[in-house]
Amino acid sequence: MNSADSFLELTRTHESTAANTFRVSMAPPVFLRGEGPWLFDQSGAKWLDFACGSGTSNLGHNHPAHIEALHEAIATGILHTGTRLPSPFRARLYGELASILPAGRGCIQLANSGAEANEAAVKAAQYFTGRKRLISFAGGYHGRTLGALSVTDGERIRAPFPVFRKTVDFMPYACSEGSGRGGSDWCLAQLKTRLRNLERNDKLPAAVIIEPIQGVAGVRSAPTSFLAGVRELTRRHKILMICDEIWSGLGRSGRWFSFENAGVVPDLVTMGKGLSGGLPLSAVAAAPAILKAWPPGMHTSTFQGNPLACNMAVATIRTIREEGLLDHVANAIEPALERMLRPLSEHERVADIRVSGAQAAIEIVDGSGHPDARAVHRLQAAALERQLLVYAGGRHVNSVMIVPPVNISERDLVNGLSELVGLIRNGDMFQ
């Protein structure tokens, strides 16, 4: 029972269909080894990883710093003690996180997943303000557990479940400057009006939760004027601002956190995915006044602060700093993505190209200009045949997304992009 076929058979037999394993292919590759941006199957064939485990493998696979961090933690023989006892690995992580966060935001609540971090941030905001309502944004993705799903946009994924509809408002998310519908000024005016109405009825929200770059929605970056305007409105109404950096934090945007591009400082920051190189770990950061306001045990979780995950996260932060990876993203990866992908804008089936740091989205439409999720699915399958892994995203799942490791070489990146661009230009998936 050690062949790829046996692994697939066991998975198909016992795994919940919600796991997504067989969405692209009924016989996806089974990888037994990874090295940098590459994944290797049982035969030794290698695939270029432009999906990074949904944005978790920011340093690629088998990074020496991660392996060393795991060995160091395992060597103690203490795999977990819960949070009732201090841990040197947890303490070390607190220090590293504080070193990259804005001044005054160095109080940390650890969690296990992005959804849990966002729920912890929401709970902290509600406890601190005494308010219950929340504001999120169209296209926002904050997780799939019930609390996180309540602030995640998308009727298709929300409809089957009893989410908190009556206490969450979804406001327009700006994707451009200007005063026209959908522009920064127009979206801010909508938010301003809603907040005035809520204030008039004594129903102001505890928090506004926002992604400065909407990753899952297809790399949609908010204009700096919009984020700055949201920050100003939250200050004016004494509402807490939560920036969800689960997807774009830890270097993916070319900065430690994508909100830095707008020069804003939120009240709470959530992070996860690329934080620990693949082990379950996330975090909420805020001022001590917020995260030290609630009593012990008000929000906890059995496995939060696991020493292996914490030491992996320490290695992630130190590696990004020591290897100059923020500069690598800004000066090598982002320009290469722009250079290779921008010419596709002329393709009749490409509605938009969006690039932000070490991530990009190619939005695909059909001959009538409508979102074409099926073409993206076929393109994923075609890329898989070329031994290239790409992600599918966007509000209508019609965007091909490229999410490479933040330390990928420019040569490997360009070679992989050449394959992908060739598949799109060939056009077989549009038939």
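Predicted model: local features only at pLDDT ≥ 70, side-chain atom pairs only at ≥ 80, totals over all residues.
Visitor: Why is cysteine 243 called buried?

Guide: Cysteine 243 has a relative accessibility of 0%, and buried means under 20%. Cysteine 243 therefore counts as buried.

Visitor: How do you know that the sulfur of cysteine 243 is too far from the closest cysteine sulfur for a bond?

Guide: The closest cysteine sulfur belongs to cysteine 175, at 15 Å. A disulfide requires a pair of cysteine sulfur atoms within 2.5 Å, so the separation of 15 Å is too far for a bond. Cysteine 310 is likewise in no disulfide, the nearest cysteine sulfur being that of cysteine 107, 15 Å away. At 0% relative accessibility, cysteine 310 also counts as buried. The structure as a whole holds zero disulfides.

Visitor: Why are H12 and H14 called roughly parallel?

Guide: Helix H12 (residues 325-341) packs against H14 at an angle of about 25°, with the axes 10 Å apart. Angles under 35 degrees count as roughly parallel, and H12 and H14 are therefore described in that way. The crossing of H12 and H14 is right-handed.

Visitor: How do you know that the span of helix H5 agrees with its number of residues?

Guide: Helix H5 covers residues 114-129, which is 16 residues. At 1.5 Å a residue, H5 should span 22 Å, and the C-alpha atoms at its ends are 23 Å apart, so the two values agree. Among the buried residues of H5 are Gly114, Glu116, Asn118 and Val122. After H5 comes glycine 130, with a positive phi near 75°.

Visitor: What makes serine 54 partly exposed?

Guide: The relative accessible area of serine 54 is 27%. Buried means under 20% and exposed means over 50%, so serine 54, lying in between, counts as partly exposed. Serine 54 is located in helix H2 (residues 52-55). Although serine 54 is not a glycine, its phi is positive, about 60°. Most residues other than glycine have a negative phi.

Visitor: Why is glutamine 387 called partly exposed?

Guide: Glutamine 387 has 31% relative accessibility, and so counts as partly exposed. Glutamine 387 sits in the loop between H13 and E15. This residue, too, is not a glycine and has a positive phi, of about 65°.

Visitor: What makes glycine 104 partly exposed?

Guide: Its relative accessibility is 45%, whereas exposed would require over 50%. Glycine 104 therefore counts as partly exposed. Glycine 104 belongs to the loop between helix H4 (88-100) and strand E4 (107-111). Its C-alpha atom is separated by 9.6 Å from that of alanine 285, a residue 181 places away along the chain.

Visitor: Which strands form the open sheet that contains E1, and why are E1 and E15 said to stand at the edges?

Guide: The order of the four strands is E1-E2-E3-E15, with mixed pairing. E1 and E15 (388-389) each have a single partner strand, so one side of each is left without a neighbour in the sheet. Strand E1 (residues 31-35) runs antiparallel to strand E2 (residues 38-41), joined by four bridges, with glycine 34 opposite leucine 39. E2 is in turn joined to strand E3 (residues 46-49) by three bridges, again antiparallel. Here tryptophan 38 stands opposite leucine 48.

Visitor: How do you know that strand E14 is largely enclosed by the rest of the structure?

Guide: Of the five residues of E14 (residues 360-364), four are buried, so E14 is largely enclosed. E14 pairs in the antiparallel sense with strand E13 (residues 350-355) over five bridges. Four bridges join E14 to strand E17 (residues 399-402), also antiparallel. Glutamate 363 is the bridge partner of aspartate 352 and stands opposite serine 399 in E17.

Technical notes
Residues numbered from 1 in each chain as written. Heavy atoms only, no water. Pairing = 2+ DSSP bridges. Helix = DSSP H or I, 4+ residues; strand = E, 2+ residues; numbered from the N terminus. Expected span 1.5 Å × (residues − 1). Buried < 20%, exposed > 50% of the residue type's maximum accessible area, 1.4 Å probe, protein only. Axes fitted to C-alpha atoms, helices over the stretch in contact; angles between N-to-C directions. Parallel < 35°, antiparallel > 145°, perpendicular 65-115°, else oblique. Left-handed = near helix turned anticlockwise from the far one by under 90°.
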